[in-house]
Amino acid sequence: MPLRSAQWYSGDDRNSYIHRAWMRRGTPAGAFERPQIAIANTASDLTPCNAHFDEVAKSVAAGVWAAGGVPLNLPVVSLGETNVRPTAMLWRNLAAMATEEMLRANPVDGVVLLGGCDKTIPSLLMAAASVDLPALVVPGGPMLTGHFQGLPLGCGTDVWRLSEEVRAGTLTRASFLESESSMIRSRGHCNTMGTASTMACVAEALGMTIPGTAGTPAADSRLLERAHASGALAVDLVREDRRPSAVMTRPSFLNAIVTLAAVGGSTNAVVHLLAIAGRLGVELSLDDFDRTGAGVPLLADLQPAGRHLMDDLFRAGGLRAVLHQVEDLLDPAATTVTGRPLTEYLRDAPIWDADVIRPRTDPLLPDAGIAVLRGNLAPDGAVIKPAAASPELLRHRGRAIVFDSVEDLHTRLDTVDADEDSVLVLRGCGPRGYPGMPEVGNLPLPAKLLAKGVRDMVRISDARMSGTAYGTVVLHVAPEAAAGGPLARVTTGDPIVLDVPGRTLRVDVPDAVLAAREPVTTGFARPARGWEKLYVEHVLQADRGCDLDFLTGSSGSSVARESH
């Protein structure tokens, strides 16, 4: 099969001359007859979790050269979860679109995707799905565990915990600030089973990494070894014409859902998987998460749902050891970028520390799948992570305390008339309303309740929450308030009824009364120009992955016209 890059480089006309002449720059003879492998590199000093990718890219490049290809570093849009305002999620679709267009526009035959921080792996997979060139992922890996006052720190998770203890008066602000220098011990992304670790595991479950790569710590030299092997495999993928559409099939997505439950992964994976599937034309819905995740045990004892951290998971046997325990729940037909089924890689995957990875016979929870809730408060669905919730709150009735925006929340939180049975409701934080659906769903608790020892309450919003967060938090309410959802008509004092086992979420107000109320429209974003305006006008709701309506479906890699 002829190389795609030959459309640029073969021939003796003026255009092929230009393409070759400007790309020679010391390349060996015959370089233009070799597979051209882009390295989609999200390294950036402003994305601290991905700052080591230039080193990883060198190992990928060495692997490409060794296998007979030509590596090409391609910096792409990088999104740092901790820094980007108003939220990195606003830019996920832009990053995916820009990467897709650069892969299509350039003379490349395949691509290695370097992603770590939360939105980078999803955006890269969305791009790869849309352009459908041979591709695979090298996850950047979690950081090593930091310690403070002799105790391990889970980045993200302990930020939420310690900051609430300061507000409760049980931790001094000086001690809180002192812990800051201990939180981030090394290169790499969050060391909890937050969204970054979750998406690395999900990418492997989808078949898009060399099996055994996800969860390799960023500071571990074996990550560079895997990067080298990935570069070499990228060349093989081109020669064998193995594309993402042949790897990321419906069985692969269902395997990813099983994986999400078994590791206690982030609710953010729901919107990302829906978006990736939408780019491929794979049928996937919220109901698949409930059906497929039901009955899957939680086996990885990791923060925020458990106790340990990602380098513990790696030494205990890694993701393969977890999946070996639930192999009977995986579809053996789902293949990987190696051309072999994922399940073939699980047969020799022992657990080395049963305190970190529980055997199937002794799970943390027998049923850990993401629960999908519906009712008059969420007609198109909402999600909750039972593994990170308080069991006693999974069935709950309480009086709503409603906040119209994040700013309203910060202004009034500590003055509202709330008790431990109240339900905190936040709206205006969905894809359109904010815009970009920020990670604010794990609302802080009123200070007076923290002082009484309360550490969890039912919280409901059209927002997301960090995968490192925890609590009885209902998220992704669809339609969001800014899209005319019922959340816009809830008022303080309304009885809210949550029944996670029954999969319902409702406001106990007659439908006619609710419909007759004037919806709240204050606090919603109304951008006048630029990407934010385009985003608000075209973003889909959370139950459809928050992609832009004109980006769903694959466009392929063909470019017909020349530039000169």
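This is a predicted model: local features need pLDDT of at least 70, side-chain atom pairs count only at pLDDT 80 or more; totals for chains, interfaces and linings use all residues.
## A word on pairing

Two strands pair if DSSP finds at least two bridges between them.

## The whole protein

Let's start with the overall picture. The protein contains 20 helices and 14 strands. Its radius of gyration is 24 Å, close to the 24 Å that the globule rule gives for 564 residues, so the protein is as compact as a globular protein of that length. Along the principal axes, the C-alpha atoms fill a box of roughly 75 × 55 × 45 Å.

Of the 564 residues, 60% are buried. Among contacts with a separation of 6 or more, 77% are between residues 24 or more positions apart. The accessible surface comes to about 21,000 Å², and carbon and sulfur atoms account for 52% of that surface.

## Helix 9, a covered helix

Now find helix 9, which covers residues 195-205. This helix is mostly covered, with eleven of its eleven residues buried. Among them are Thr195, Met199, Cys201 and Glu204.

What do the buried residues of helix 9 pack against? Their neighbours include helix 5 (120-131), helix 12 (250-262), helix 13 (268-280) and helix 16 (318-325). Strand 4 (135-139) and helix 15 (310-315) also belong to this set of packing partners. After helix 9 comes Gly207, which has a positive phi, near 95°.

## Strand 8 and its partners

Strand 8 takes in residues 378-384, and five of its seven residues are buried, so the strand is largely enclosed by the rest of the structure. Which way does strand 8 pair with strand 7 (residues 371-375), and over how many bridges? The two strands pair in the antiparallel sense, over four bridges. Leu373 has Ala382 of strand 8 as its bridge partner, and a hairpin of two residues joins strand 7 to strand 8.

Strand 8 also pairs with strand 12 (residues 473-478), in the antiparallel sense and over two bridges. Here Val383 stands opposite Leu475 of strand 12.

## A histidine in helix 2

One more stop is His19, in helix 2 (residues 14-23). Is His19 buried or exposed? His19 is buried, because its relative accessible area is 13%, and buried means under 20%.

Leaving aside residues up to four places away in sequence, His19 touches Trp8, Tyr9, Glu562 and Ser563.

Definitions and conventions: Residues are numbered from 1 along each chain as its sequence is written. Side-chain values use heavy atoms; hydrogens and water are left out. The radius of gyration is taken over C-alpha atoms; the globule rule is 2.2 Å times the number of residues to the power 0.38. Buried means under 20% relative accessible area, exposed over 50%, partly exposed in between (1.4 Å probe, protein chains only). Contact means heavy atoms within 4.5 Å. Accessible areas come from the Shrake-Rupley method with a 1.4 Å probe; for residues, only the protein chains shown count as cover.
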